[in-house]
Amino acid sequence: MRELVFDCPGQQAEALSDALLEAGALSVSVEDADRDTADEQPLFGEPGLEPDSHAWQRNLVVALLPDGVDPAQLFEQALNIHRENGSTLPESCTDWQLREVPDADWVRLTQAQFAPIPVGDRVWIVPSWHTLPAEARPDAIAIELDPGLAFGTGSHPTTHLCLQWLVAHLQPGTSVLDYGCGSGILAIAARKLGAATTHAIDIDEQAVQATGDNALNNQVELIPGLPNALPAGTHDLVIANILSNPLKVLAPMLSGRVAPGGHLVLSGVLERQAEEVAAVYAPWIPLSVWRAHDGWVCLHGQRT
């Protein structure tokens, strides 16, 4: 297979990518042309904050070509599409290079990059093409979850913190609410650790679907749903791994879902945000930092 490579400035990269895809490219990626140099430009700031810029100053636009396609003809078609959309490309964007892509079993190569991930010494996050490693302890819990899926695959420090809390403190028979469930990893872990009725709630319908699919793959029973499907009542444990701003907005609701004597566990919070988030929850449940990891914290409190 072959790739067309362009050096394209600023905002033009997105329009060029769209035109190449419409012209028949199999896929198009945009990379920072200055990556791994002193001029590398990060686009993404802290969670919950808008980036300063939505495009690099210099972009490498890489278009994967179907077999047998004339690259010059495909690029000319992309140019025509671009003109029809009322845009013109800078001269630098019209100077393309062609490079060969070596044949490879891309599925196998991609899978080889992802091994089972240990979380503490009890939980393992295991891609579907792997089995639980031989070094896992006899009572280890395997959560089958494939990398590359949307809504989180357990590699983020906040997910590890929440999983570690569950391993350390979850009591069998606990009723659980996982709010902002994403892939459902925390709800699945809770069930495998002995939780009873477990609701997994997210505002995104696709996350709800993904959670249901992942629960089925892990042979556990969850009750996934959108917020308006959550029945009235309280839970022994409410856990939410989101971000600090939505956690603050949700404080009255999440606190009200915790049963007397129950636990509230929050993450997605940076260390510098911990006091501010805890202050918002103080009227209902006193929170403190249970554990920190890589600049993130897990907050925990118990309702009296």
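**Figure 1. Asp 139 and its salt bridge in the predicted model.** Asp 139 counts as partly exposed, at 33% relative accessibility. In this predicted model, Asp 139 forms a salt bridge with Arg 122, and the closest N and O atoms of the two are 3.5 Å apart. Asp 139 lies in the loop between β6 and β7, while Arg 122 lies in the loop between β5 and β6, so the pair ties together parts that are 17 residues apart in sequence.

**Figure 2. Asp 121 and Arg 137.** The side chains of Asp 121 and Arg 137 also meet in a salt bridge, with 3.2 Å from N to O. This pair links distant parts of the chain, 16 residues apart: Asp 121 sits in the loop between β5 (117-119) and β6 (123-126), and Arg 137 in the loop between β6 and β7 (141-144). Asp 121 counts as exposed, with a relative accessibility of 54%. Arg 137 is partly exposed, its relative accessible area being 32%. Asp 121 and Arg 137 belong with Arg 122 and Asp 139 to a network of salt bridges.

Figure 3. Glu 3 forms a salt bridge with Arg 99, with the closest N and O atoms 2.7 Å apart. Because Glu 3 lies in strand β1 (residues 2-9) and Arg 99 in strand β4 (residues 96-100), the pair ties together parts that are 96 residues apart in sequence. Glu 3 is buried, with a relative accessible area of 17%, whereas Arg 99 counts as partly exposed at 40% relative accessibility. Side chains of opposite charge can pair when their charged atoms come close. The count for the model comes to five salt bridges.

**Figure 4. The seven-stranded sheet.** Seven strands form an open sheet with mixed pairing, in the order β10-β9-β8-β11-β12-β14-β13. At its edges are β10 (223-225) and β13 (288-293), each of which pairs on one side only. On average, neighbouring strands of this sheet are turned by 15° against each other, direction ignored. Strands of a sheet pair through backbone hydrogen bonds, either parallel or antiparallel.

**Figure 5. Strands β11 and β12 within the sheet.** Strand β11 (residues 235-241) and strand β12 (residues 258-270) run parallel and are joined by six bridges. Ile 239 has Val 265, in β12, as its bridge partner.

**Figure 6. Cys 162 and Cys 298.** A disulfide is a covalent bond between the sulfur atoms of two cysteines. The cysteine sulfur closest to that of Cys 162 is in Cys 298, 4.9 Å away, which is too far for a bond. For a disulfide, the two sulfur atoms would have to be within 2.5 Å. Seen from Cys 298, the closest cysteine sulfur is in turn that of Cys 162. Cys 162 counts as buried, at 0% relative accessibility; Cys 298 also counts as buried, at 0%. The disulfide count for the model is zero.

**Figure 7. Confidence along the chain, and residues 45-54.** The protein chain has an average pLDDT of 85, and 82% of the residues score at least 70. Over residues 45-54, the pLDDT is below 50. Beyond near neighbours in sequence, this stretch has 12 contacts in the model. Where pLDDT is low, the predicted coordinates should not be read in detail.

Terms used. Residues numbered from 1 in each chain as written. Predicted model: local features only at pLDDT ≥ 70, side-chain atom pairs only at ≥ 80, totals over all residues. Heavy atoms only, no water. Pairing = 2+ DSSP bridges. Helix = DSSP H or I, 4+ residues; strand = E, 2+ residues; numbered from the N terminus. Axes fitted to C-alpha atoms, helices over the stretch in contact; angles between N-to-C directions. Salt bridge = Lys/Arg side-chain N within 4 Å of Asp/Glu carboxyl O. Buried < 20%, exposed > 50% of the residue type's maximum accessible area, 1.4 Å probe, protein only. pLDDT = per-residue confidence, 0-100. Contact = heavy atoms within 4.5 Å.
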